[in-house]
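Here is a friendly tour of one protein model, with the cut-offs spelled out along the way. Please keep the structure open as you read.

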Amino acid sequence: MTSPDWPEYAPIPQSALGPALNDQGYYVGRVERNLYWVTDGIYISAFMATRDGVVLFDAPPSIGNNIRRAVDEIAAAEGVPNTVTHLVYSHHHDDHSGAASLFGGDIVRIGHEETRRLLLRDNSPARPAPDITFADTYTLEVGGERVELAWHGPNHSPDNIYIHFPGHDTLMFIDVVNAGWVPIYNTNLSEDVPGYMAAPAIALSYPWNHFICGHLGRLATRDDVAVHQAYIADIEASAQEALAAVNPVPFYVAAGENFWAGVKAHLDAVTERAAAPVIAKYTGVLAAADIEVFTRTTTFAIMQSLRLDRGPSGPVHP
Ligand SMILES: [Zn+2]
């Protein structure tokens with residue numbers, strides 16, 4: 001590959017990859033009717049081109065000004081205005097919103113109330129805080145179209161929302177399922193592990209056939225969500241088995257008074273035992289499943305959540 005010591009990874013399944021990008025480095029496609037998606041192959045955002053203007057859903061900086069190009073291209077082809085009038089934030093993370101300020105100061109920004117709090121905290125000029133916020137649900141109506149925003153608790157981030165397009169057979173929900181790929185480190189860098197594990201079932205409880213998940217280069221299907229759920233369920237079962245099977249005592253005896261060395265040796269052994277069969281099972285099924293550190297750190301996060309959130313964390317001293 002690129003250097004002599006580059007690891008030999010399994011080939012990426014063709015099904016994990018999206019359409020080819022144009023010369024500018026983006027692809028824009030129709031999801032359904034006047035709802036479109038834009039990708040640079042790694043990040044995905046979306047927009048609705050209505051008779052009254054364009055509603056943008058996320059603005060990843062990696063796509064950046066190509067969002068503008070994609071909007072102009074579609075608006076010209078469809079004969080609708082190319083003015084972006086609204087921006088909806090899926091969550092506060094900069095990698096999905098850092099191009100928000102490219103679309104002018106007078107657009108209406110909408111997000112969860114926690115997104116506003118976090119963006120004010122982070123104080124980044126690239127991501128102006130939303131003016132319209134909501135706690136549980138919000139209905140956005142623009143140009144004769146309707147979008148239902150809902151917050152069902154923390155998961156990947158405290159403020160991550162479900163964006164349902166009932167007239168477009170589509171759900172947008174970012175950074176939990178990566179279509180065709182494993183989550184990256186630590187349950188896709190998630191803050192609330194039980195919330196992360198429960199979120200795909202909430203996504204599937206909505207009616208839709210198109211799923212905009214934010215990564216990588218293609219839209220997702222209900223089958224993609226089901227494969228992701230199976231991967232997470234296998235990690236959970238494997239972590240339970242390993243926690244029960246690995247005897248911690250020898251590690252703590254060997255560690256002597258360095259208790260943290262005992263913790264490390266014990267938890268490394270549990271993590272390795274739990275992750276290995278999952279890595280083997282999903283290599284060739286989910287892209288990058290053989291980047292072992294991803295499944296190991298996700299397994300570690302889930303294993304710790306099983307102990308600390310669900311309990312018991314260990315036996316009660318007699
Ligand atoms: Zn995120």
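At the start of helix H4, a side-chain oxygen of Asp192 comes to within 2.7 Å of the backbone nitrogen of Gly195. The model is predicted, so local features need pLDDT of at least 70 and side-chain atom pairs count only at pLDDT 80 or more, while totals for chains, interfaces and linings use all residues. Residues are numbered from 1 along each chain as its sequence is written, and side-chain values use heavy atoms, with hydrogens and water left out.

H4 covers residues 193–204, and its buried residues (under 20% relative accessible area, 1.4 Å probe, protein chains only) include Gly195, Tyr196 and Met197. The buried residues of H4 pack against several elements (heavy atoms within 4.5 Å), among them those tabulated here.

| Element | Residues |
|---|---|
| Strand S10 | 162–165 |
| Helix H3 | 185–189 |
| Helix H5 | 222–245 |
| Helix H8 | 292–310 |

Now to the metal. Which residues are the protein donors of the zinc ion? They are His91 (NE2), His93 (ND1), His156 (NE2) and Asp175 (OD), lying 2.1 to 2.2 Å from the zinc ion; donors here are N, O and S atoms within 2.8 Å of the metal. Along the chain, the donors follow the spacing H-x1-H-x62-H-x18-D. Both His91 and His93 are buried.

Terms used: Buried < 20%, exposed > 50% of the residue type's maximum accessible area, 1.4 Å probe, protein only. Helix = DSSP H or I, 4+ residues; strand = E, 2+ residues; numbered from the N terminus. Polar contact = N/O pair within 3.5 Å; in protein donor to acceptor, adjacent residues only side chain to side chain. Donors = N, O, S within 2.8 Å, 3.2 Å for Na, K, Ca; no water.
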